[in-house]
Amino acid sequence: MLNTGEILQTIEMLDQQHLDIRTITMGINLLDCADADLDICAEKIHEKITRMAKDLVKTGEDIQSEFGIPIVNKRISVTPISLVAASTGADDYVKIALALEQAAQDTGVNFIGGFSALVHKGMTASDRVLINSLPKALSLTEHICASVNVATTRAGINMDAVGLMGETIIRIAEETADRDSLGCAKLTVFANAVEDNPFMAGAFHGTGEGDAVINVGVSGPGVIHHALRSIKGKRFDDVSEVIKKTAFKITRMGELVAQEAARRLNVPFGIVDLSLAPTPAIGDSVARILEEMGLETCGTHGTTAALALLNDAVKKGGVMASSHVGGLSGAFIPVSEDEGMIAASQKGVLNMDKLEAMTCVCSVGLDMIAVPGDTDASTIAAIMADEAAIGVINNKTTACRLIPVIGKGVGEVAVFGGLLGTAPVIPVHKESSRDFIARGGRIPAPLHSLRN
Amino acid sequence: MKAIVTVIGKDQVGIIAGVCALMAERNINVLDISQTVMQEYFTMIMMVDLTLYSGSFEELQSCLDVWGRERNLSIRIQREDIFEAMHRI
């Protein structure tokens, strides 16, 4: 029999510490929607998504009500559209984006991810069409997320693609200038992208996956923060233990919801993503966990070590709690979506260089960072190249979600609303990287011996 | 299916009687009850068996919610599995 303390602890986590399931994401294979005709292809895509995911939102709501755990998002990830739409030979994929948008509205999901291309070694004609369609696609739709994989540890970094993405991000920013360049918040540029990530903006359904799959992303920075408060001043050994135990509990809940959702939807269970995903709400911040460890402000010296410990302990605790772990798994540090990060960057303590260092040990990368609207495309590209290099050399996933906020400069604030939050515009280095990006070509895959 | 009902709020006469009556009307068997009063705050945890209950979970939930609100109590009902998953290996 469960005891009173255990039951009340769970309820307190849910009520006061913002414990939630961040997302149930259904992955859907769209390769069978390929067609030589763009309109028919778009129609097939819409038909398949609305058929496969018709009960997704209802199922999420039912589980939320029966188990009493908030399920914040219901999402869909699809096969990278550059593969699905290649056979149309079209020179623009905006129509596909609109079909996806319609499917998102008809199924009631919060986002569909997978308006994507994998170009880490080279770019097909279709990949190029997709990338060129991004500004219009992200401006005309509300629920579509895009991603482009520009590097892998095995292939190196496609610097032509990095350069093109720098220019594309500026075009997206301009296209959505009336909304604080919101379009850029729906695009992730990856190194070592994973095929089963349930989180946006980078979710897509990889070609190694089955026809459909359920992946679940958990959350709970507030729960970890609360647990650490009870061991003020204790040694790091204790800090690690407390994080592991708490992550285990959070993940067990994610596993239960994932298994239940998969069973009810009659779709195979894929993975649980062991992530600490913050929100802009007070008490749901990753930065505040780092500060709880003894840092005056997130971003000061010691932040990288604190984040490394947190990220590792979350994985160690979570991995035992789930039968299959995958996705991005770790602590996210999206600046605009984390109340403590917003405060630290407004103070000027958390800057681009420290964020880059933190991405060496966190789960993803430079996430939801607003930069001045007049930033040069080559500077954006160079930031992405740095980030890709960290991923490629360290054999980890890294990503960039940078938002050059058109018309705004350092000290001003971009407001995206909802989970995407508010981002103070932070400075980038003024010195040019133009000639570096202009070289193009590929940075070769790294050596994986002689590790120093 | 087993579920856990938790009632939290200011202590008053008839909380357990009221919740039990709601359960009995719906053919829901009460398996276990524990309650404490700390600084006037009442906390009750009740395990119930829904096997013979023919209505929907939502109906039960909203009826408990309405009953609780009228008395300034927070009442929730959740499937037992979530607590088992979190606290038992």
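Accessible areas come from the Shrake-Rupley method with a 1.4 Å probe. By that method, the surface of chain B amounts to about 4700 Å², and carbon and sulfur atoms account for 51% of it. The structure described here is a predicted model. Chain A has 15 helices and 15 strands, while chain B has three helices and four strands. This briefing takes each chain in turn, with one residue of each considered in detail.

**Chain A: overall form**

- The radius of gyration of chain A is 21 Å, close to the 22 Å that the globule rule gives for 452 residues, so chain A is as compact as a globular protein of that length.
- Along the principal axes, a box of roughly 60 × 55 × 45 Å holds the C-alpha atoms of chain A.
- Of the 452 residues in chain A, 64% are buried.
- When contacts in chain A between residues at least 6 apart in sequence are considered, 79% of them link residues at least 24 apart.

**Chain A: surface and charge**

- Helix 9 of chain A covers residues 236-265, which gives 30 residues.
- From its first C-alpha to its last, helix 9 of chain A reaches 42 Å, close to the 44 Å expected at 1.5 Å a residue.
- Just after helix 9 of chain A comes N266(A), which has a positive phi of about 55 degrees.
- I250(A) is a residue of helix 9 of chain A.
- Buried means under 20% relative accessible area. I250(A) counts as buried because its relative accessibility is 4%.
- Apart from neighbours within four places in sequence, I250(A) contacts L19(A), V218(A), S219(A), G220(A), V223(A) and I224(A).
- Although 71 residues separate I250(A) from A321(A) in sequence, their C-alpha atoms are 8.6 Å apart in space.

**Chain B: overall form**

- The elements of chain B follow the order β-α-β-β-α-β-α from the N terminus on.
- Chain B has a radius of gyration of 13 Å, which agrees with the value near 12 Å that a compact globule of 89 residues would have.
- The C-alpha atoms of chain B occupy a box of roughly 35 × 35 × 20 Å along the principal axes.
- Buried residues account for 45% of the 89 residues in chain B.
- For contacts in chain B between residues at least 6 apart in sequence, the share joining residues at least 24 apart is 65%.

**Chain B: charge**

- The side chains of chain B include 8 positive and 12 negative ones, and the centres of these two sets are 3 Å apart.

**Chain B: strand 2 and N29(B)**

- N29(B) belongs to strand 2 of chain B, which comprises residues 29-38.
- The relative accessible area of N29(B) is 46%, so this residue is partly exposed. The partly exposed class lies between the 20% limit for buried and the 50% limit for exposed.
- Not counting residues up to four places away in sequence, N29(B) touches M47(B), V48(B) and D49(B).
- N29(B) is 36 residues from D65(B) in sequence, and the C-alpha atoms of these two residues are 19 Å apart in space.

Notes:
Residues are numbered from 1 along each chain as its sequence is written. Chains are lettered from A and ligands numbered from 1 in the order in which they are written. This is a predicted model: local features need pLDDT of at least 70, side-chain atom pairs count only at pLDDT 80 or more; totals for chains, interfaces and linings use all residues. Side-chain values use heavy atoms; hydrogens and water are left out. Helices (H or I, at least four residues) and strands (E, at least two) are DSSP runs, numbered from the N terminus. The radius of gyration is taken over C-alpha atoms; the globule rule is 2.2 Å times the number of residues to the power 0.38. Buried means under 20% relative accessible area, exposed over 50%, partly exposed in between (1.4 Å probe, protein chains only). Contact means heavy atoms within 4.5 Å. The expected span of a helix is 1.5 Å times one less than its number of residues. Lys and Arg count as positive and Asp and Glu as negative; His and the chain ends are not counted. The place of a charge is taken as NZ of Lys, CZ of Arg, CG of Asp or CD of Glu.
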